[in-house]
Amino acid sequence: MTAPSSRVSDRIGSIAESATLAVDAKAKALKAAGEDVIGFGAGEPDFPTPGYIVDAAVQAASEPRFHRYSPAAGLPELRQALAEKTTRDSGFAVEPGQVLVTNGGKQAVYNTFATLLNPGDEVIVPTPYWTTYPEAIRLAGGVPREVFAGPDQGYQVTVEQLEAALTERTKVLLFVSPSNPTGAVHSPEATEEIGRWAAQKGLWVVTDEIYEHLTYDGVPFTSIASLPELADQVVVLNGVAKTYAMTGWRVGWMVGPGDVIKAAANLQSHATSNVANVSQMAALAAVTGPLDAVEEMKVAFDRRRRAMVEGLNAVAGFSCPTPQGAFYAYVDVRDALADGARPAEVAGRTPTTSAELAELILEEAKVAVVPGEAFGPSGYLRLSYALGDDDLARGLERIQRLLGTA
């Protein structure tokens with residue numbers, strides 16, 4: 001009998017590590033070792049979860065009914081609330097049976113692609129993309145087809161680009177607005193144009209709306225799921241992590257046609273079964289409660305957004321457009337690389353890629369950023385401004401001191 005070539009399956013071994021979590025882990029390890037590291041890596045609000053949500057969880061923990069298994073698709077009261085919330089915020093009228101509660105947004109992403117894709121089916125992935133999307137697509141047997149939109153387009157793809165990427169194997173269009181990693185927000189007109197194109201082509205649309213409440217400068221959030229012609233071929237992904245500062249509670253959801261949700265729930269019943277009941281009750285309090293705490297956090301994010309853009313544009317070779325949503329800045333650093341406009345070494349090194357530049361910034365300035373390679377082409381850095389004001393200012397100052405000012 002021939003020994004297997006690897007102890008790990010090709011399917012799992014081919015999955016790339018989450019770059020954002022890897023950067024965050026490295027920053028935390030350096031901190032634990034006594035280094036004064038400032039982390040711009042993880043998209044994690046620095047605020048505590050609002051008190052009324054925590055109170056709901058404490059109350060739930062004391063109730064014996066929540067000490068037991070519950071339906072794999074989610075607590076009925078939470079599915080009802082999420083259906084109402086989706087109808088209200090996304091303009092997509094759904095029933096509770098069209099909602100599946102998942103263990104965080106990432107499980108919703110994987111469940112969706114695993115349910116929709118057959119081996120070889122293609123998904124159009126506007127790029128820059130969140131690092132998990134292409135890996136989830138590949139794990140589900142699909143093929144991501146990247147469509148890159150650079151800063152000259154405001155990091156927003158056009159229908160013409162999507163049309164050029166279309167093949168006979170295309171089954172799904174991924175649509176993310178507001179965007180992680182760029183903070184780009186599609187206008188209502190652009191959203192409608194893309195949605196109508198997808199409907200005409202008979203494509204499924206998977207739309208991630210987890211940053212729906214985080215837009216700035218009066219820019220509106222528009223759900224592509226609100227187009228009536230997409231009602232039977234759209235899946236909405238969402239979660240409580242970003243809006244309510246609940247990254248550790250692990251509650252996400254997917255909303256879509258009943259047959260797709262039923263199939264995805266069957267998958268989840270064999271994978272993880274129900275989400276922790278205490279977390280589900282916390283999520284119920286979040287989505288049915290007021291947005292006052294969210295608005296307070298948004299004011300802080302907006303302040304940090306402006307400080308981040310100003311600070312990054314002051315760095316030699318950096319060019320950062322103003323993001324309109326989420327809490328990330330996506331900065332073009334091509335002119336800061338050795339093959340760009342930078343004439344000299346930095347700390348004895350000449351970085352030629354954004355990955356090398358990110359490594360240099362971490363090692364020399366003790367600031368953690370995520371390189372563009374994690375989200376698509378090299379030449380860019382993503383920095384989260386969800387951290388505190390003081391750390392943000394100190395981190396930007398360190399990068400300016402290392403690389404020089406414009």
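A: Start with the side chain of Ser177, which reaches the backbone nitrogen of His186 at 2.8 Å. The model is predicted, so local features need pLDDT of at least 70 and side-chain atom pairs count only at pLDDT 80 or more, while totals for chains, interfaces and linings use all residues. Residues are numbered from 1 along each chain as its sequence is written, and side-chain values use heavy atoms, with hydrogens and water left out.

Q: What makes the approach of Ser177 to His186 a polar contact?
A: A polar contact is a pair of N or O atoms within 3.5 Å; within protein, one must be able to donate a hydrogen and the other to accept it, and residues adjacent in sequence count only if both atoms are side-chain atoms. The distance from the Ser177 side chain to the backbone nitrogen of His186 is 2.8 Å, so it falls within the 3.5 Å limit.

Q: Why is Ser177 called buried?
A: Buried means under 20% relative accessible area, exposed over 50%, and partly exposed in between, with a 1.4 Å probe and protein chains only. Ser177 has a relative accessible area of 2%, so Ser177 is buried.

Q: Where does Ser177 lie, and which residues does Ser177 touch?
A: Ser177 is in the loop between strand 5 and helix 8; helices (H or I, at least four residues) and strands (E, at least two) are DSSP runs, numbered from the N terminus. Not counting residues up to four places away in sequence, Ser177 touches Ala184, Val185, His186, Asp208 and Phe221, where contact means heavy atoms within 4.5 Å.

Q: Is Ser179 buried or exposed, and which side chain does Ser179 join in a polar contact?
A: Ser179 has 8% relative accessibility and therefore counts as buried. Ser179 is also placed in the loop between strand 5 and helix 8. Its side chain makes a polar contact of 3.0 Å with that of Thr182. With neighbours within four places in sequence left aside, Ser179 is in contact with Ala184, Ala326 and Tyr328.

Q: Why is strand 6 described as largely enclosed?
A: Five of the five residues of strand 6 (residues 204-208) are buried, so the rest of the structure largely encloses this strand. Trp204, Val206 and Asp208 point one way and Val205 and Thr207 the other way, and all are buried.

Q: How do you know that strand 6 pairs with strand 5 and with strand 7?
A: Two strands pair if DSSP finds at least two bridges between them. Strand 5 (residues 170-176) and strand 6 have five bridges in the parallel sense, with Val172 opposite Trp204. Strand 6 and strand 7 (residues 234-239) are joined by four bridges and run parallel; here Thr207 has Val236 as its bridge partner.

Q: What makes the unit of strand 5, helix 8 and strand 6 right-handed?
A: A crossover is right-handed if, with the strands pointing away from the viewer, the path from the first strand over the helix to the second runs clockwise. Strand 5, helix 8 (residues 188-201) and strand 6 make a right-handed β-α-β unit.

Q: How do you know that the length of helix 5 agrees with its number of residues?
A: The expected span of a helix is 1.5 Å times one less than its number of residues. The 13 residues of helix 5 (residues 104-116) should therefore span 18 Å, and the end C-alpha atoms are 19 Å apart, which agrees. Among the buried residues of helix 5 are Gly104, Gln107 and Phe113.

Q: What makes helix 6 mostly covered?
A: Six of the eight residues of helix 6 (residues 132-139) are buried, including Tyr133, Pro134 and Ile137. The buried residues pack against helix 5, strand 3 (122-127), strand 4 (143-148), strand 5 and strand 6.
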